[in-house]
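Please examine the model shown below. The discussion is concerned with its two ligand sites.

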Amino acid sequence: MGLKVFNTLAREVQDFVPRDPAGKKVGMYCCGPTVHDFAHIGNFRTFVFTDLVRRYLDFKGYEVTHVMNITDVEDKIIRRVRETNTTLKEYTHRFEAAFLEDVKALGCLEPHQRPNATEYIPQIIELIQKLMDRGSAYQANDGSVYFSIEKYQGCGCHYGQLVKLNFDEMRTGERVASDEYEKESLADFALWKARVPEDGAVFWASPWGEGRPGWHIECSAMSMALLGPSFDLHLGGEDLVFPHHEDEIAQSEGARDYPEGERFVKYWLHGAHLLVEGKKMSKSLGNFFTLRDLLDKGFTGREVRYLMLTAHYREQFNFTLDGLTGARSALARLDECVIKLQEAAGKITAVPEPTILASVEAALDDDLNVSAAWGAVFEWVRGLNKAIATGAMPSDKAAEALAAWDRIDSIFAVSKETNDDVPAEIQALVEERQAARKAKDFARSDEIRDELKAQGWFIEDTPKGPRAKRL
Ligand code: AMP
Ligand code: ZN
């Protein structure tokens, strides 16, 4: 069966058909974090959702190129740089590093490319120049360059592809300079913002004078530089639909003539927001959490990840600490079953049991219906536990089940194993033992095994080679 996804552009669930005529290659761009502070768990819901899409496409055998940018220059960042009296790089570096640690703790795969906006200034300028050349952009009296919605529409293009807009109230030439604005403030938006004293040292030279890019043009430039003028998937949280993604479409489709039937992005996927205890997160309500806050409370990245992956991406998700405790027990049930299967399987390896894989795939093909997928997994686990308890679990069946779980976990990445990072010194010992065994130095190999044991690790020989596991 094929994957179906809800495409915001079409406002309906559609078959996912990659642009690649061979149906293999998929280009996917996810709007990354604005590194003005530590990201909160709402942000991470969106990043875990994008990781699920990436992993599921991998699972289905697509050759995915996954790009996620880092927004390291925009209004909020500049304000913070000014307030903290630091340099842009110093300021953003700290939060970028924290973000990368956090997504790792959440078991998210590294994107294939992670461009920083500040490293794409030439591409941004080039894109703005194209819009100027085509008459879809103009320099205003304040020195800033704006995108002209009227000129763009005049060329037969359509502004308002992702959202319905009321053009009656729009006055020609009205402009909005800030990076974030409401649908009601429909107006020409800034592509290049002329340098003002408040920007401090944050500015670059351009054909329109010193200044800095607007937020929206950054994503258009980075995505097209790395994935080409047309690509398959663009993802983000629902708040990005307008203006950010609408403006991305306008800037990209306004800069060139697309061949018939082609456009900037084929499928737009948006994740709904996360609430905490039923309310929008806010520092004043005391319901604002970063991932670090939850780790400090003793929860783990995989518990947070699992909880986020129990809800459908298009439904608002109500995060609670009780929910997180529930996630802990659900994971314990999975861990326990996996351990028992490992005991039953011994050294036997097998091909994955196909029935459960088919159920999970059918559920996820249906616009990533994670609830149905988890329903099937836990039903299966119940059956396995019963079989184990009654002694009806031969080693080959256990090995088939384990292999199936490995495949399922390549999508969800919630198993203890996937999340147990093997420290570098332990990994070095594993490799040293392997070398000793090759050299038939069994005394040294046994010594290393004991040393690992003393540190709480053992080595399991898997089809992919020896792997360190916690005792
Ligand atoms: P930002 O760093 O503000 O650009 O946001 C990074 C990502 O988090 C974007 O895709 C946002 O749409 C998303 N986001 C922001 N708030 C929430 C929330 N409460 N729940 C889910 N996603 C969110
Ligand atoms: Zn973006």
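The structure is a predicted model. Around ligand 1 there are 14 residues, of which Thr34, Gly42, Thr46, Asp239 and Leu274 come nearest. By class, this shell comprises 5 nonpolar, 8 polar and 1 charged residues. Two secondary-structure elements, α1 (41-59) and β10 (231-237), each contribute at least two residues to the shell. The most is given by α1, with 4 residues.

A nitrogen atom of ligand 1 lies 2.9 Å from a backbone N or O atom of glycine 42. An oxygen atom of the ligand is placed 3.0 Å from a backbone N or O atom of glycine 237. In the case of aspartate 239, a side-chain N or O atom is 2.3 Å from an oxygen atom of ligand 1. On its own, ligand 1 has 490 Å² of accessible area, and the protein covers 89% of this.

Because cysteine 31 lies in the loop between β3 (25-30) and α1, while histidine 244 belongs to helix α7 (residues 241-253), the pair ties together parts that are 213 residues apart in sequence. Cysteine 31 is buried, since its relative accessible area of 6% falls under the 20% limit. Histidine 244 is likewise buried, at 1% relative accessible area.

Conventions
Residues are numbered from 1 along each chain as its sequence is written. Chains are lettered from A and ligands numbered from 1 in the order in which they are written. This is a predicted model: local features need pLDDT of at least 70, side-chain atom pairs count only at pLDDT 80 or more; totals for chains, interfaces and linings use all residues. Side-chain values use heavy atoms; hydrogens and water are left out. A residue is near a molecule or strand if one of its heavy atoms lies within 4 Å of it. A polar contact is a pair of N or O atoms within 3.5 Å; within protein, one must be able to donate a hydrogen and the other to accept it, and residues adjacent in sequence count only if both atoms are side-chain atoms. Accessible areas come from the Shrake-Rupley method with a 1.4 Å probe; for residues, only the protein chains shown count as cover. Ala, Val, Leu, Ile, Met, Phe, Trp, Tyr, Cys and Pro count as nonpolar, Asp, Glu, Lys and Arg as charged, and the others, Gly among them, as polar. Buried means under 20% relative accessible area, exposed over 50%, partly exposed in between (1.4 Å probe, protein chains only).
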